[in-house]
Amino acid sequence: RFQQVQSMMYDLMEWRSQLLSGTLPKDELKELKQKVTSKIDYGNKILELDLIVRDEDGNILDPDKTSVISLFHAHEEATNKITERIKEEMSKDQPDYGTYSRMSSSPTHSLYVFVRNFVCRIGEDAELFMSLYDPQKLTIISENYLVRWGSRGFPKEIDMLNNLKVVFTDLGNKDLSRDKIYLVCQIVRVGRMDLKDSNSKKYTQGLRRPFGVAGN
């Protein structure tokens, strides 16, 4: 029983990290919440704890706002689901994962980046794309974090000054075992075709032109 509960707790810890990451689409987020509530209800059942009834979204039903008949049907439906779940768990062989193997497989690593300033003479607005890069496989291993920087040396959204923060989540042991990981910043200039253009009638504004790249 201890190993059974231990396995469920590791599942819940892993799913919790995914929920807190804030990177899941709405449909996957709803599906994951249902998995979490189902796992909790199943654990309460095998531990002989109280059964918690929920609505379709996984929220706990309020007995003060739900009729007795509705609560009865909810208990009946929840009991049937848990009974079927127990039969499924008993019918299949579950591998016995140790503590280290389960924890090592969980993508619980994250990288926190705080952008304090951007110093580069461009003369126009710029877009900064920051991502994690594997130099050996020559590939980007994360999504881009976009910062829009103004021509006056401040973020385009001035309220974001000193608040440009990002967390690259779901980095597993496979990522940590890479020989090198670079934080790459791609700089895109937004404005004129040529910086030498001065007459507004002779050039087109709002063009996005690659300007530079930096890595660390």
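**Figure 1. Overall view of the predicted model.** Of the 216 residues in the protein, 28% count as buried. The model is predicted. The protein exposes about 15,500 Å², and carbon and sulfur atoms supply 51% of that area. Five helices and seven strands are present, and along the sequence they follow the pattern α-α-α-α-β-β-β-β-β-α-β-β. Among contacts with a separation of 6 or more, 61% are between residues 24 or more positions apart.

**Figure 2. The largest nonpolar core, which has 17 residues.** The members that touch the most other members are Leu128, Met130, Tyr145, Val147 and Ile187. At least two residues of this core come from each of strand 1 (109–115), strand 2 (125–134), strand 4 (145–149), strand 5 (164–171) and strand 6 (182–191).

**Figure 3. Surroundings of leucine 128.** Leaving aside residues up to four places away in sequence, leucine 128 touches Phe118, Tyr145, Leu146, Val147, Trp149, Cys185, Gln186 and Ile187. Of these neighbours, Tyr145, Val147 and Ile187 are also, like Leu128 itself, among the core residues that touch the most other members.

**Figure 4. Cysteine 120 and cysteine 185.** A disulfide is a covalent bond between the sulfur atoms of two cysteines. A search of the whole structure finds zero disulfides. Cysteine 120 is in no disulfide, and the nearest cysteine sulfur, in cysteine 185, is 9.2 Å away. The sulfur of cysteine 185 has that of cysteine 120 as its closest cysteine sulfur, and the 9.2 Å between them is too far for a bond, because a disulfide requires the sulfur atoms to lie within 2.5 Å. Cysteine 120 is partly exposed, at 34% relative accessibility, whereas cysteine 185 is buried, with a relative accessible area of 14%. Cysteine 185 is also one of the residues that leucine 128 touches.

**Figure 5. Helix 1, residues 2–21.** This helix has 20 residues. From its first C-alpha to its last, helix 1 reaches 29 Å, close to the 28 Å expected at 1.5 Å a residue. Its buried residues are Gln6, Met8, Tyr10, Asp11, Glu14, Trp15 and Ser21. An α-helix has 3.6 residues a turn, so residues three or four places apart point the same way.

**Figure 6. The end of helix 1.** Ser21 is one of the buried residues of helix 1. Just after the helix, glycine 22 takes a positive phi of about 70°.

Note on methods. Residues numbered from 1 in each chain as written. Predicted model: local features only at pLDDT ≥ 70, side-chain atom pairs only at ≥ 80, totals over all residues. Heavy atoms only, no water. Helix = DSSP H or I, 4+ residues; strand = E, 2+ residues; numbered from the N terminus. Buried < 20%, exposed > 50% of the residue type's maximum accessible area, 1.4 Å probe, protein only. Contact = heavy atoms within 4.5 Å. Areas by Shrake-Rupley, 256 points an atom, 1.4 Å probe, with all protein chains shown as cover. Core = buried A, V, L, I, M, F, W, Y, C linked by side-chain atoms within 4.5 Å. Expected span 1.5 Å × (residues − 1).
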